[in-house]
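Please have the sequence and the model open while I talk.

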Amino acid sequence: MDPEAFLDVANQVIKLKMFPFFDIAHSLLAALAVREDLGANAQAFSRKHPLACWLSTMLVIFAGGMVANGLLGEPILAPLKNTGQLLVGTAVWYVVFYTPFDIGYKVAKFLPVKIVASAMKEIYRAKKVYDGVGHAAKLYPNAWIIMIIIGTLKGNGAGFTKLIERLIRGAWTPTAMEFMQPSFYTKASLLASIIFVLDKKTDWISAPHALVYFGIVIFLVYFKLSSILLGIHDPFLPLENLCCAIFFGGIWDSLAKILGRGQAKDGDSKDVKKSN
Amino acid sequence: MDPEAFLDVANQVIKLKMFPFFDIAHSLLAALAVREDLGANAQAFSRKHPLACWLSTMLVIFAGGMVANGLLGEPILAPLKNTGQLLVGTAVWYVVFYTPFDIGYKVAKFLPVKIVASAMKEIYRAKKVYDGVGHAAKLYPNAWIIMIIIGTLKGNGAGFTKLIERLIRGAWTPTAMEFMQPSFYTKASLLASIIFVLDKKTDWISAPHALVYFGIVIFLVYFKLSSILLGIHDPFLPLENLCCAIFFGGIWDSLAKILGRGQAKDGDSKDVKKSN
Amino acid sequence: MDPEAFLDVANQVIKLKMFPFFDIAHSLLAALAVREDLGANAQAFSRKHPLACWLSTMLVIFAGGMVANGLLGEPILAPLKNTGQLLVGTAVWYVVFYTPFDIGYKVAKFLPVKIVASAMKEIYRAKKVYDGVGHAAKLYPNAWIIMIIIGTLKGNGAGFTKLIERLIRGAWTPTAMEFMQPSFYTKASLLASIIFVLDKKTDWISAPHALVYFGIVIFLVYFKLSSILLGIHDPFLPLENLCCAIFFGGIWDSLAKILGRGQAKDGDSKDVKKSN
């Protein structure tokens, strides 16, 4: 491909208008996620508790913005002032849960529809991460960690509000904490945030701005499609295992086991006794 | 009744001063609610954990303002700066929990006292909803949904903080979520918020401003008194059932059952299998 | 001791620079607390969930500032913008959890190290309470209760975020509520806040400003060391029992029991029946 044409495409991707089509895709996947999360009694639940159902779907749709606002001291409800997004979200929620003969849900679950919506959602995700990093950078120009946190939260807000979202529906699952088993989306948003921060704050990345953005969009879409079509769920896993082995004790633990088997056992049993 | 005199009364109601008498009524019912919620061991609990008891009572009293502030990016603690309300609340809490021979509690539970306090609380509720809608309208003049949410929260804040209030007392009841089974107060506050928003933002309601307000006050007081004296707990129920039948799948579900009994069964069993 | 020399020392204590040594001590004790809280499987947990481990440690380190900001409508993430503190915290966390052969943890647990760190942490605590009261006083010059709450939260923030900190690690212990059984640190921070507020807002305390501050530092350090070395855990207990007996029903309850044994029993059994 011609590099100039490539850069041209990148420049167009960065300026892509999100409303309304990308919002529809995002809302659709959010409503589907809520419905899947409800499991077999989704239909019954949606009939009995429409308010809780609507609220939890809205929370999934607006999760990123709400959580980021909450942590930055901005109004948590502010994302709802975007009436267009709210109406699109409500319409999609209604279609997924309440259309006659469940046509809406069946269409949404149809593979080609799901693939297109997923790809669009990933493009949206890249934009959200980018906007989140930019917003945090405006507020705290020197606090890289805040930029990274906000970028990650904007990218996969729904992962972090899962507990509250389920609580709205009367279910409490404290072990389903995103931090314990971060999903691929969280890790990808984290990586994207770090790259955007490096691109913004250092000279280490010499590629043009639009190309960096475009690269992340391609990365996100590519792995999303692999996940749906090929079942590859976490390309970060080997990297993580390596990192854990080197930095988080893996090698040293093995070494300690080999060198001082008896000593290690003593330490372990002491710990156990104390905690009893 | 003479219409002019009626309007006159309405104009006086809208200007009614809340402090201190309405605050006393509100605090009294809040403290009673906490005591009832503690059940049989309220006495023992209040002796053993006065701090948790006081804090949860304060949370109930200031719930609406705190939740609304939290969602609008304003200081959650700000309602506590009103020293007068705080002192009234503390005094009432002390009277309900710690007076010798439980005189305070017994007087507060005395039916006529409770009826007067309840009626006053409903007048206060109307004012809170009205103020909440007005406050949100100032911040987000075009976001109807935010006005309605804030109005509802201000009207029945304690319903939405029940989980936190109990958590302060060391009890966790995730299924007692207001959104799952909204109480009459939540529904009434929602309706009042919607009417206030329509009155404020559209020309659909031609009645004078004060009359609309007065109408809502009468509606709230009337149903509160019916609830205490006649045991009518939710006049919205028939309306809701109708609404659910038309909009949230009731009719279509029945139709689907009649038309395609076999097909529906297939779908159900497929869902069940997937979730297993 | 010469009073002038004493005042001189006090003046120097009030101007003590906290970064980086006091931050190291504070972070060290925070990381140790997280590790103790994890119990026997701390080692395994830190290897499996480094992200959750790091986040919960950071939450403990920055708890006071985050909670206070959250309640005052300021950005919850703002304390993280202090890059120096963040790096110190991360380094200490790494040393406590991941050094080869657990050297870091063993050194940190060594009694003299722990004593020095604890004493430094108490000096830091006094400063935090003082800053918290001052900050709240700037925002709400007349709301004593807000100053006291913020001072207490800044002094023992980690106590109040314990539930969230554990939740990040996938554990949910709703009964471990600080308000139910306030720890010595909470009570001491509360007392210190009240003294600072009185010193700031009234003329009741005639001692020079620096002396009041110094007195609180000595009080905190003294009781911390007694707690570690002598096992005296709560010097407030006798005072509390007295206070509960006089103000929170103790005496009246006893009187009621003596005067009307039969009547009290009736009331109790009625209560029990109602709650069944």
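Predicted model: local features only at pLDDT ≥ 70, side-chain atom pairs only at ≥ 80, totals over all residues.

Let me begin with chain C, which can be laid on chain B with an RMSD of 0.0 Å by a turn of 120° and a shift of 0.0 Å along the axis, where the superposition is by least squares on the C-alpha atoms of residues with pLDDT of at least 70 in both copies. Of the residues of chain C, G73(C) comes closest to that rotation axis, its C-alpha lying at 3.4 Å.

Residues are numbered from 1 along each chain as its sequence is written, chains are lettered from A and ligands numbered from 1 in the order in which they are written, and side-chain values use heavy atoms, with hydrogens and water left out.

Turning to the other pair, chain B is superposed on chain A by a rotation of 120° with 0.0 Å of shift along its axis, at an RMSD of 0.0 Å. The two copies are thus related as by a three-fold rotation axis, and in chain B the C-alpha nearest this axis belongs to G73(B), 3.4 Å from it.

How much area do chain B and chain A bury between them? The figure is about 2700 Å², with 72% of it on carbon and sulfur atoms; buried area here is the accessible area, taken with a 1.4 Å probe, that two parts lose on being put together, summed over both. Within the share that chain B buries against chain A, F179(B), M180(B) and F248(B) supply 24%, more than any other three residues. The contact takes 33 residues from chain B and 32 residues from chain A, contact meaning heavy atoms within 4.5 Å. Only 6% of the interface residues of chain B are also interface residues in chain A, so the copies meet through different surfaces.

For chain C and chain B the buried area is about 2700 Å², of which carbon and sulfur atoms give 72%, and F179(C), M180(C) and F248(C) supply 23% of what chain C buries against chain B, more than any other three residues.

Now to a single chain. Chain A has 15 helices and 0 strands, these being DSSP runs numbered from the N terminus, with at least four residues of H or I for a helix and at least two of E for a strand. Its C-alpha trace spans about 70 × 55 × 40 Å along the principal axes, and 48% of the 276 residues of chain A count as buried, that is, under 20% relative accessible area, with exposed over 50% and partly exposed in between (1.4 Å probe, protein chains only). Of the contacts in chain A with a separation of 6 or more, 73% join residues 24 or more positions apart.

One such residue to look at is I228(A), in helix α12 (residues 209–230) of chain A, which at 29% relative accessibility counts as partly exposed. Leaving aside neighbours within four places in sequence, I228(A) is in contact with L111(A), I115(A) and S118(A); I228(A) and I115(A) are 113 residues apart in sequence, yet 7.6 Å apart in space, C-alpha to C-alpha.

Finally, in chain B, S227(B) has its place in helix α12 (residues 209–229). Is S227(B) buried or exposed? At 15% relative accessibility, S227(B) counts as buried, and, apart from neighbours within four places in sequence, S227(B) is in contact with I232(B) and H233(B).
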